[in-house]
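Try each task before you read its solution.

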Amino acid sequence: MKKILIIALLLTLGVRMAVAQKQWSLEDCVSYAIEHNLPLKRQDVLVAIKNLDQEMAHRERLPAVGSYFNGYSTFGHSQDVFGTIRRNDNFNSNMGINAEMTLYQFNYLRNQAKKATVEAEQEQLEKEVLKRDLTLKIVQGYLQVLLTQALVDAQDSAINFSVQLLDKAEKSTAIGATAPAVVFEAKANLAREKQQYQQYHKETQQAKLTLAQHMNYADYSALRVYDPLLESEIFKTGIRGTKSDLIQEAIRHNPILSKYENQLLGLDIESKLFKAADYPMVKGSASLGTTYFNAFKTANERPFFGQSKDNFAQQIAIAVTIPVFNKGRTKRQLQQVNLRKQEIGLLSENEKIQQIQILEKLQLDWKESKQQYEISTEAFSATKESLVYSRRSFMAGKVSIYDINNSKNNLIKSEAEMIRARYNTLFSLLMLHFHVSGDIKFSY
């Protein structure tokens, strides 16, 4: 028994360690977020409800069939047409089956079924809008984590460099080659580097927490974000096509615009439903039934089954309802529909304008950030080479620690600018690709 418990414990710990050590790609984060997002799960429920409404609307064109049975007794005195008062005790019953269906109402039932279909599609489009907004948040949060992690790694290298300088300063001061002030300067600089490291580390943890909350992931500290393919290959990928082509593709993949188009279709169907109120409605019904009557005191009263058999009857009826005056309700409902169409048209046009503005801004950011990244990469390489010579001069005692700290600070600043430019370029390109294609996957 103990062996089984130990094996189970080891398996549990192994699974937890595997989960904790998992490295999350951008696609992993987006997939997890979509799967565990509660608003999206709620939207799935709403979609299922609308699908059932759609099924019920299609079945409305079928006849409604029901059965009935009524039975009642009367006890007491009553007066007949001749003024004679006498006892009138009896039992009445009737039973049967009836069916009713709408034969004509200006295609009301057909349009009602179409409206239910459009409403079901509307809920599905709402889900796509939620997925799009969630994906945008995940991409932004994911890249923010990568950015802060890169800054932490860069700052860690700076700390290691400062530790080496401090060690060199302490050794040279111990033998009297340099003044004690050099050691204090090296310690102060190392403390500043550690302070900056802690700031970057805090920003990394905050970025992880934000990303985990968007993903609905419980333990943000166990979130290991790493996607080497994304970072190594992203700059080899570009957005091809003219500006007008990109705009058309972005509009085609925008679920908000699809939602507006679906709403306009629903309003067209709704206007037909309102117009149906001005047309006659024809209903047909059919029934099969029988009756039974027992006066109690009447001699030779026929039995229940015999009388029910003889009283069996069928009935077919058609009822026509013709609208005459509905206080101008239909006219005003149609006016409301037209106004709502105008509203949706304005919302759609505004969304298109915003989409174009977003694409223009992303293209501008991508081009400028890419140029900034290329320039900052050159500046970083030159500054790094300058630090190499400054370090050699410091080791040889030709420059002071203040000079080498200045060179090192320039390198740290240059590297931070290069990292930020790289991830700004990455973010702009990812967002541009997502808005155009509706997907975060690249064809590497």
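**Exercise 1: the largest pocket**

The largest pocket holds about 320 Å³ of space. Its lining has 19 residues, and Lys131, Thr135, Phe434, Gly438 and Asp439 are the closest to the pocket's centre. The model is predicted.

Task: Find which helices each supply at least two residues of the lining of the largest pocket, then sort the lining by class.

Solution. 
Step 1. Pick out the helices. They are H2 (26–36), H4 (108–174) and H11 (401–437).
Step 2. Sort by class. The lining has six nonpolar, seven polar and six charged residues.

**Exercise 2: the second largest pocket**

Task: State how much space lies in the second largest pocket, and say which helix gives the largest share of its lining.

Solution. 
Step 1. Take the volume. About 250 Å³ of space lies in the second largest pocket.
Step 2. Look at the lining. It has 13 residues, and nearest the centre are Ser157, Phe161, Lys384, Leu387 and Leu411.
Step 3. Name the helices. H4, H10 (329–395) and H11 each give at least two lining residues. The largest share comes from H10, with five residues.
Step 4. Sort by class. Eight lining residues are nonpolar, one is polar and four are charged.

**Exercise 3: one serine**

Task: Decide whether Ser271 is buried or exposed.

Solution. 
Step 1. Locate the residue. Ser271 sits in helix H8, residues 255–275.
Step 2. Apply the cut-off. Buried means under 20% relative accessible area. Ser271 has 12%, so Ser271 is buried.
Step 3. Check its contacts. Leaving out residues up to four places away in sequence, Ser271 touches Leu334 and Val337.

Methods: Residues numbered from 1 in each chain as written. Predicted model: local features only at pLDDT ≥ 70, side-chain atom pairs only at ≥ 80, totals over all residues. Heavy atoms only, no water. 1 Å grid on protein atoms, 1.4 Å probe; cavity = no way out; pocket = protein on both sides within 12 Å on 5 of 7 lines; lining within 4 Å. Points joined across faces, edges and corners; volume = space filled by probe spheres on them. Helix = DSSP H or I, 4+ residues; strand = E, 2+ residues; numbered from the N terminus. Nonpolar A, V, L, I, M, F, W, Y, C, P; charged D, E, K, R; others polar. Buried < 20%, exposed > 50% of the residue type's maximum accessible area, 1.4 Å probe, protein only. Contact = heavy atoms within 4.5 Å.
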